[in-house]
Amino acid sequence: MRSSIEALERDISEITAMARSIDPISKLLNSSENREIQAYLQVRRRFDYSAVIIALYASFERFMEDIVTAYVTILSRQDRYAALPQNLLSRHLMRTGEILSKSRIDAARYPGVTANKLVENLHLCLTGAHPYELNHVAITSHDRNMRYDELGLTLKLVEISQDDVRKAQPLLDWYYKEEGPVGDPPEIVPVTVLRERLDGLVERRNDIAHRGGNPSDRLGAEGLQRLVDFIQALASSIFTIFVAKYLGKIRVGKSGCEQFVRVRDPLQQQMVWVIAPTKSALYVGQPIFALSRNFPVRWGRVTSLRLGNRIRRRIAANSSQQIGVGLEFRAPSSSEVYVLESEDETIWSPVGG
């Protein structure tokens with residue numbers, strides 16, 4: 001799943017660079033007295049706007065397809081087909097049938113997909129075989145644009161609520177900044193705000209694709225950057241909720257994941273936990289995460305270890321003393337904090353990466 005958000009962030013970085021270059025390049029071209037350059041400037045402004053809008057929407061849509069595919073692949077490795085979310089099963093069966101019903105499978109839309117493979121996968125799924133392979137194109141393919149309502153249906157496939165996304169920290173931070181940092185930080189972003197921004201991006205994309213763009217309603221560099229910031233915050237919030245689902249369902253309670261037993265209230269702004277000895281060894285840089293009713297998830301690594309008065313890089317399992325563990329994030333006493341015995345590159349970047 002980590003690769004999904006990293007791919008989007010790379011796209012966002014390139015799109016941001018392009019959006020920020022619009023005004024400087026326009027000023028440079030505008031300073032020329034050459035008539036051909038002046039005419040080119042008007043064309044460039046239209047195409048710069050179109051390129052940013054189309055690339056931004058395409059990157060977000062691809063992010064949604066990639067992260068859903070990654071998550072359901074993880075689920076299918078753990079659970080039998082019949083145990084998957086009901087909405088996911090319904091979409092998988094219905095869309096597989098729709099694709100097979102076509103006299104010829106669209107190779108451009110479904111590259112590498114064949115009727116034989118679709119049938120083989122579906123047969124294994126319906127007969128209870130394990131392992132099995134899902135027809136991912138049947139899950140992620142859609143005929144409608146990724147507007148707010150379509151986004152909700154997509155998230156619902158894996159039992160994720162849009163309300164949870166609206167409460168995630170990246171969107172809350174974006175909304176607080178967008179509205180102006182006055183008053184108390186919001187607890188949830190209004191539906192109307194998300195619907196207006198996401199549906200507005202889709203409409204602009206469709207306007208460009210079907211009518212070449214509307215010159216009277218083109219966004220300038222600042223407006224484009226605000227739209228980029230919104231998509232980045234939305235995608236980061238969606239990724240946060242997927243991480244919470246993955247860690248809560250796939251890792252908690254399983255081998256290699258141990259919950260800390262707190263013996264004292266968190267110290268140093270809730271970034272140091274004093275815990276009872278653990279069954280597994282601890283080391284600086286170890287993957288660690290927190291779940292709470294007050295936030296979906298926070299994750300990072302162990303930043304420091306202290307045993308008695310001594311700072312350690314590593315502490316053996318079943319130590320005889322309480323342990324001070326530095327966290328990379330704030331975790332109040334109401335949190336459940338867990339440590340993983342080994343790396344998990346589904347969420348964590350490789351050490352040194």
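The model is predicted: local features need pLDDT of at least 70, side-chain atom pairs count only at pLDDT 80 or more, and totals for chains, interfaces and linings use all residues. Residues are numbered from 1 along each chain as its sequence is written, and side-chain values use heavy atoms, without hydrogens and water.

Helix H9 covers residues 191–211; at 1.5 Å a residue its 21 residues should span 30 Å, which agrees with the 29 Å between its end C-alpha atoms. The expected span is 1.5 Å times one less than the number of residues.

The chain contains ten helices and eleven strands, taken as DSSP runs (H or I, at least four residues; E, at least two). Of its 353 residues, 47% are buried. Among contacts (heavy atoms within 4.5 Å) with a separation of 6 or more, 71% join residues 24 or more positions apart. The C-alpha trace spans about 80 × 60 × 35 Å along its principal axes.

Glutamine 78 lies in helix H2 (residues 35–78). Leaving aside neighbours within four places in sequence, glutamine 78 is in contact with His130, Lys249, Ile250 and Lys254. Two distances involving this residue follow.

| Pair | Distance |
|---|---|
| Glutamine 78 and isoleucine 250, C-alpha to C-alpha | 8.0 Å |
| Glutamine 78 and aspartate 79, side-chain polar contact | 3.3 Å |

A polar contact is a pair of N or O atoms within 3.5 Å; within protein, one must be able to donate a hydrogen and the other to accept it, and residues adjacent in sequence count only if both atoms are side-chain atoms.

Notes
Buried < 20%, exposed > 50% of the residue type's maximum accessible area, 1.4 Å probe, protein only.
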